[in-house]
Amino acid sequence: MRAELEKIIGAAALDERAVRDLWPLTIMAERAGSPSPRVLVARPSGRDQVVEILRWASAHGVIVTPLGGGSGVCGALGPQVGELVIDMGAFDRVLEVDETNLTCTCEAGVNGLALEERLNGLGLTLGHFPSSLPGTTVGGLCATRSSGQESTRYGSIEDMVMGLAVVLPDGTYAAPRPGPRSAVGPALHELWLGSEGALGVMLGAVLRVHRLPESVVGRGYGFADLGSGLEAMRSIMQAGIRPLVMRLYDPADAAFNGYDLPIGACLLVVATAGRDRVAASEADVVKSIASSATELGEEPWQRWQRHRFDLSAQRLKSLLEPPSSYVDTIELAASWTALPDLYVRVWTAISDGGLALCHFSHAYEQGCCAYFSFAGSRETEDEARSAYSRAWEGTMTAALELGATISHHHGTGQARARWVADEMGGWMSVWKSVRRAIDPAGIMNPRALGGAR
Ligand SMILES: Cc1cc2nc3c(=O)[nH]c(=O)nc-3n(C[C@H](O)[C@H](O)[C@H](O)COP(=O)(O)OP(=O)(O)OC[C@H]3O[C@@H](n4cnc5c(N)ncnc54)[C@H](O)[C@@H]3O)c2cc1C
């Protein structure tokens, strides 16, 4: 395999190493003495090379997984010996920022934070802030259907992508389609948003960008209980306000983050943004909606800003260092009416003798995301793995029974593979047909969305 690939991209663009993402089960397995295998990694530097590699892989039935920043948390990256990884790191150019039409054209390997900083220098923002931003690439953000901390105002990745440049497994190139919107058929490129490397390799994207807001007004509110906090979030969204940030922390998560509230109270952090007068008057509307809460001033907002990227890849890895420990996060989304039951069911499933936290964010008029964190430790690695698996099992079951989605933004990978068909139902048949049609040789990532075809 190596010799043939050398002919396509040269020896210097090939190496062998272990490739995996940050799925806690893989990290736990490595900790317990099962290292991830070393695999061949190709680092192409142009479209033609990607085309040639995929043509070659299709002809020889070699499994291919595209690699972005490796910050995924679901095991979508887990290549095995004999497979090939395509590292998109050399596709790192921002090709154009159009300051009049507010678009940005960039390659798939562009780092998420570097892109945001470049835009900020021009008074612009993509508005996409996953907590993992420094470790992400544009390709990975698209392939996982990601969502960031400011999604309530700017939307998630599907709201930002106007077009994609992709190479199909047979080497066909498809360019971004024109226009701010098009009715020339379905937006087929959207199939790649959440495809987890199953449909080919994304080379780049055309993204919508925004002017940075003139001002931001952020405040915290203490609610006596979770129900009244969720009601306030719903009312804010349904009043037509789109806060830059809106997060409701349950009592445990508020305490974990160092907020000092009365026992049982929840913390809502809300920031409105825009022209000075708009941000200020929307903040006033938020305040009136939150009239039953205790106003906590700007400090909770300032504190949140200081710590917004604290949960880094490094921190996740260090939390998983102690033998027989487990840590993970699970993000679901449900309607406003389903959220209270979902919260109770999931909290019960994940809190078995360990830490259980929840915050609500990524709000819509129809509902929002419930983001759970859990951690614990056991006597042995096997027991830790069992406790971890029980938490997942209970959470996925609760989500499916209550009509919630099993993932709001992390995607599925291996972590959710066995529940994907339960959520998708008949759409699984559509997905499998699409996958077979686009990748008849079956070479693309077998750990994507429900597993191999
Ligand atoms: C601490 C921490 C916090 C996080 N917070 C968030 C968050 O707030 N919101 C959120 O949405 N996610 C979050 N994540 C998850 C993760 O950062 C996202 O899933 C991110 O989008 C992955 O991007 P990446 O470039 O690292 O992709 P990778 O992990 O490299 O790859 C992810 C998937 O995309 C595929 N892929 C990558 N590049 C391409 C390409 N060019 N073409 C085709 N397929 C490709 C891969 O094959 C793989 O299946 C967090 C992760 C960590 C560790």
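Strand E16 (residues 325–335) runs antiparallel to strand E18 (residues 367–377), and the pair is joined by eleven bridges; pairing here takes at least two DSSP bridges between strands. Helices (H or I, at least four residues) and strands (E, at least two) are DSSP runs, numbered from the N terminus. Across this pairing, Ser 335 sits opposite Gly 367 in E18. E16 is largely enclosed by the rest of the structure, because eight of its eleven residues are buried, that is, with 20 or more other C-beta atoms within 10 Å of their own, the C-beta atoms being placed from the backbone.

The model is a predicted one, with local features needing pLDDT of at least 70 and side-chain atom pairs counting only at pLDDT 80 or more, while totals for chains, interfaces and linings use all residues. Residue numbers start from 1 along each chain as its sequence is written.

Turning to the ligand, 42 residues surround it, and the closest are Gly 68, Gly 72, Gly 139, Gly 140 and Gly 197; the cut-off is a backbone-placed C-beta atom within 6 Å. Helix H5 (138–143) gives the most to this shell, with four residues. Strand E3 (64–67), strand E10 (201–208) and helix H12 (313–319) are also among the elements that each supply at least two. By type, the shell splits into 17 nonpolar, 23 polar and two charged residues (Ala, Val, Leu, Ile, Met, Phe, Trp, Tyr, Cys and Pro are nonpolar; Asp, Glu, Lys and Arg charged; the others, Gly among them, polar).

Zooming out, the protein has 16 helices and 18 strands, and 48% of its 453 residues count as buried. The C-alpha trace spans about 70 × 60 × 40 Å along its principal axes.

Note on methods: Buried ≥ 20, exposed ≤ 12 C-beta atoms within 10 Å, placed from the backbone.
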